[in-house]
Amino acid sequence: MPGYIRHLSGTHGDTSRPRVHVLGLGSIGTFAAHSLSEIPNPPSVTLLCHRPSLLDAYRDNGSQVSLETREGQRLDYKGHDLEVFRGGHWYSSAEAANDGSPETGTIKNLIVAVKATQTAAALEQLKHRLSPQSTILFLQNGCGMIDRVNAQLFPHPTERPKYIVGVISHGVTLRKSFDIIHTGFAATSLGLVPNPDVGQETLESNYLLGALPLISTVECHRLRLHRCLEKLAVNAFCNPLCALNDAENGFLFTIPETRRAILQEISNVVCSLPELQHVENLRDRFAVDRLEATVNAIIDKTFHTTCSMVWDMRAGRETEIEFINGYWVKRGKEVGVPTPINGELVAKVTTRNQS
């Protein structure tokens, strides 16, 4: 991150720059919104507030998005546009206050950082503003959200927006709305999801794929499915067991046998997936010993971190278990690989969440 503070001005009337909308303003969505301001010749950014109280929260934070670096430096960016969802429609913040007309313009670039379980419902509110010329970047935990979005919102391949998946490995904590702490520097990897029914875009022709690698915190390489699955393997061990034990990540060092058993199931599934059989050194990459080393390194760095599923359980919110361990159960059934431990974790988290 640059070691200075820059203030940007931007309004809905500014058509000289590309515009990026951000849906989901928790820690990752706020981090994405802040990072967009790091791009040379940055885009105009619209923050999509799903409840009116977020407008007040933005103003209470000085009408800016704030990030505190690991070194304690504070970086603030101003000039965002805001839209608020009210009465089934999206309004610019000014129109919402004056009972004006709702926003109906096409959204060209959209970053989605809502919970996996909320993805389809959140996008349904924006479906009429999305087209095949739109691009959606999914920055979320889990796998399988795009399948649900397609089934519920965009069943016809030629009518779908373009999709990018992102894997974000940074440590980010939300101190309050629009104010985050960058606790762990890592990388964000991006990849365009192929749609065989339409022409494939290139890195240069897609704004988000071309612009985001210019941010200092984004790795400039294409994401592949196996990279998504590596992160999902880590989450499948860390999230449910910490949630069920209401524990920080360091607790995971106390259950090595469980760790190996879960990762063994995942290794068996991955090595049986037909779409990965062309991946070089697949069995080595997803060997249990290698997965354990990856998990241990992450736990060591995040020993005192409380993962998102713990917070969801404490608050009685729906968890993303269906899109984490549930994904491994689903894929295991498809390829004939048993996943009893992952299935048991799905059942236990779901039952605890409903009690």
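**Close-up views of a predicted model**

**View 1. Ser131 lies in the loop between α4 (119-124) and β8 (135-139).** Helices (H or I, at least four residues) and strands (E, at least two) are DSSP runs numbered from the N terminus. The model is predicted: local features need pLDDT of at least 70, side-chain atom pairs count only at pLDDT 80 or more, and totals for chains, interfaces and linings use all residues. Residues are numbered from 1 along each chain as its sequence is written, and side-chain values use heavy atoms, with hydrogens and water left out. Ser131 has a relative accessible area of 17% and is therefore buried (buried means under 20%, exposed over 50%, partly exposed in between, with a 1.4 Å probe and protein chains only). Leaving aside neighbours within four places in sequence, Ser131 is in contact with Thr106, Arg160 and Pro161, where contact means heavy atoms within 4.5 Å.

**View 2. Ser308 belongs to helix α11 (residues 308-315).** With a relative accessible area of 26%, Ser308 is partly exposed. Not counting residues up to four places away in sequence, Ser308 touches Lys115, Asn141, Asn239 and Glu320. Pro240 is 68 residues from Ser308 in sequence, and the two are 10.0 Å apart in space, C-alpha to C-alpha.

**View 3. Helix α12 (residues 325-335) packs with helix α13 (residues 340-354) at an angle of about 135 degrees, the axes being 8 Å apart.** Axes are lines fitted to C-alpha atoms, for helices over the stretch in contact, and angles run from 0 to 180 degrees between N-to-C directions. α12 and α13 are therefore oblique to each other (under 35 degrees counts as roughly parallel, over 145 as roughly antiparallel, 65 to 115 as roughly perpendicular and the rest as oblique). On the α12 side the contact is made by Asn325, Gly326, Trp328 and Val329, and on the α13 side by Asn342, Gly343, Leu345 and Val346. By class, this contact has 4 nonpolar, 4 polar and no charged residues; Ala, Val, Leu, Ile, Met, Phe, Trp, Tyr, Cys and Pro count as nonpolar, Asp, Glu, Lys and Arg as charged, and the others, Gly among them, as polar.

**View 4. Asn41 has a phi near 50 degrees, a positive value in a residue other than glycine.** Most residues other than glycine have a negative phi. Asn41 sits in the loop between α1 (27-36) and β2 (44-49) and is exposed, at a relative accessible area of 70%. Asp246 also has a positive phi, near 50 degrees. Asp246 is in the loop between α7 (225-245) and α8 (256-270) and is partly exposed, at 46% relative accessible area.

**View 5. The count of aromatic pairs comes to 5.** Rings of Phe, Tyr and Trp (its six-membered ring) pair if their centres lie within 6.5 Å; planes under 30 degrees apart count as stacked, over 60 as edge-to-face and the rest as tilted. One of the pairs is Phe138 with Tyr163, edge-to-face at 5.5 Å centre to centre and 75 degrees between the planes. The pair links distant parts of the chain, with Phe138 in strand β8 and Tyr163 in strand β9 (residues 162-168), 25 residues apart. Both Phe138 and Tyr163 are buried.

**View 6. The rings of Phe253 and Phe303 are stacked, because their planes are at 25 degrees and their centres 6.2 Å apart.** Phe253 is in the loop between α7 and α8, and Phe303, 50 residues away, is in the loop between α10 (288-301) and α11. Phe253 is partly exposed, with a relative accessible area of 32%. Phe303 is partly exposed as well, at 35%.
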